[in-house]
Amino acid sequence: MGVIKDASDNILIAKRPEHVHMGGRWEFPGGKVERNESVAAALARELHEELGIDITGDSRITPLITIRHQYADKTVLLDVRIVEQFGGEPTGKEGQPLRWVPVASLQDYTFPDANYPIISALQLPRILPISPAFLSLADCDALSEFYVQQRYTLWHMRSPNCEREVFIKAINRAVESVGVEVGITVNASVAEYERVNALHLHLNSAQLLSLKARPQLRSGGLLSASCHNLEELNAAHKLGVEYVLFSPVNATASHPSANAAGWSALQAFCAAARVPVYALGGVGECDVGKAIACGAQGVAGISAFSPLANIGIGQGV
Ligand SMILES: Nc1nc2c([nH]c(=O)n2[C@H]2C[C@H](O)[C@@H](COP(=O)(O)OP(=O)(O)OP(=O)(O)O)O2)c(=O)[nH]1
Ligand SMILES: [Mg+2]
């Protein structure tokens, strides 16, 4: 399937005919891969047949996510690619209604159930910074300022050793100064989440395994979790998280005792995941392409995206 983007980042959606599987719902254009056909060739053929457009430049077909989904009557494997360069003006060659929609409005349309992780993936960035452990309000302020300056759109604020009242105050100050629409995620207990203004909550693997049901988040809140193996991924699926972090891909200075899982383990983890996955542990911006090639959404990291040298904050724990 193709997520077709125009120059303003609007996305093309099409309405499926009433009589087919998932009829009447909106979809990303595409169709089945034929025998002896590559995914890229199938996508090019489907977009030509359904929309009358031709993909130009192979390098502009970027993998977004692969999802295996079980409907009551069939199982589908959706291999989603982003298409940004094409020739021709899309038209509904099969009479299907088309619409160009901004990413933020996709949630207003009804898609087949398998598509919801695709919408999460489109709304999530390729780079996800995690804060080093801060111990004071001033350090937290400096970090927020840095992330805003770098134009990150989503980041995690994590400081397990910070005095908890200071942590809560620091998060509330950060949300107030950067605005709630910028995605500050707190790595905190559910009770702490209830006392801060951040929308999003991240669970470490111990919290993930101990929670029986998805905590209630504020409207628009994303739930994420740290996973190190398939058992934790399974728990994350059950809680209905929007995305997960898989670690450690490589050895890191902040977690030297943990055994690196490696890139092939990341690939196997992504194949099993039904939500976007970030590679974490000894990875940086230069690894985004490698992570995407393994099926991940992108990379997450503490030291690779931190102003440590500038503000003298200690290494994350
Ligand atoms: N094209 C497309 N199919 C989707 C989406 N989400 C989703 O669950 N599917 C499911 C519905 C179908 O059971 C299955 C295959 O797609 P399809 O319906 O377009 O295939 P098709 O039978 O029309 O065959 P084709 O002529 O397009 O090759 O994938 C989506 O966003 N786009
Ligand atoms: Mg089709």
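**Legends to views of the predicted model**

**View 1. Two domains of the chain.** In this predicted model, the domain assignment divides the chain into domain 1, covering 2–112, and domain 2, covering 127–311. The C-alpha centres of domain 1 and domain 2 are 30 Å apart.

**View 2. Contact between domain 1 and domain 2.** The contact involves 5 residues of domain 1 and 4 residues of domain 2. On the side of domain 1 that touches domain 2, 3 residues are nonpolar and 2 are polar, while no charged residues occur there.

**View 3. Packing of helices H3 and H4.** Two packed helices are described by the angle between their axes and the distance between the axes. Helix H3 spans residues 137–149 and helix H4 spans residues 164–178; the pair packs at an angle of about 30°, and the axes are 9 Å apart. H3 and H4 form a right-handed crossing.

**View 4. Residues at the contact of H3 with H4.** From H3, the contact is made by Leu137, Cys140, Asp141, Ser144 and Val148. H4 contributes Val166, Lys169, Ala170, Arg173, Ala174, Ser177 and Val178. By class, the residues of this contact comprise 7 nonpolar, 2 polar and 3 charged.

**View 5. Fold and dimensions of the chain.** The chain contains 10 helices and 16 strands. Its C-alpha trace extends about 60 × 40 × 40 Å along the principal axes. The radius of gyration of the chain is 20 Å, which agrees with the value near 20 Å for a compact globule of 317 residues.

**View 6. Burial and contacts within the chain.** Of the 317 residues in the chain, 38% are buried. Among contacts with a separation of 6 or more, 59% join residues 24 or more positions apart.

Conventions. Residues numbered from 1 in each chain as written. Chains lettered and ligands numbered in written order. Predicted model: local features only at pLDDT ≥ 70, side-chain atom pairs only at ≥ 80, totals over all residues. Axes fitted to C-alpha atoms, helices over the stretch in contact; angles between N-to-C directions. Helix = DSSP H or I, 4+ residues; strand = E, 2+ residues; numbered from the N terminus. Left-handed = near helix turned anticlockwise from the far one by under 90°. Contact = placed C-beta atoms within 7 Å. Nonpolar A, V, L, I, M, F, W, Y, C, P; charged D, E, K, R; others polar. Domains from an automatic or database assignment. Rg over C-alpha atoms; globule rule 2.2 N^0.38 Å. Buried ≥ 20, exposed ≤ 12 C-beta atoms within 10 Å, placed from the backbone.
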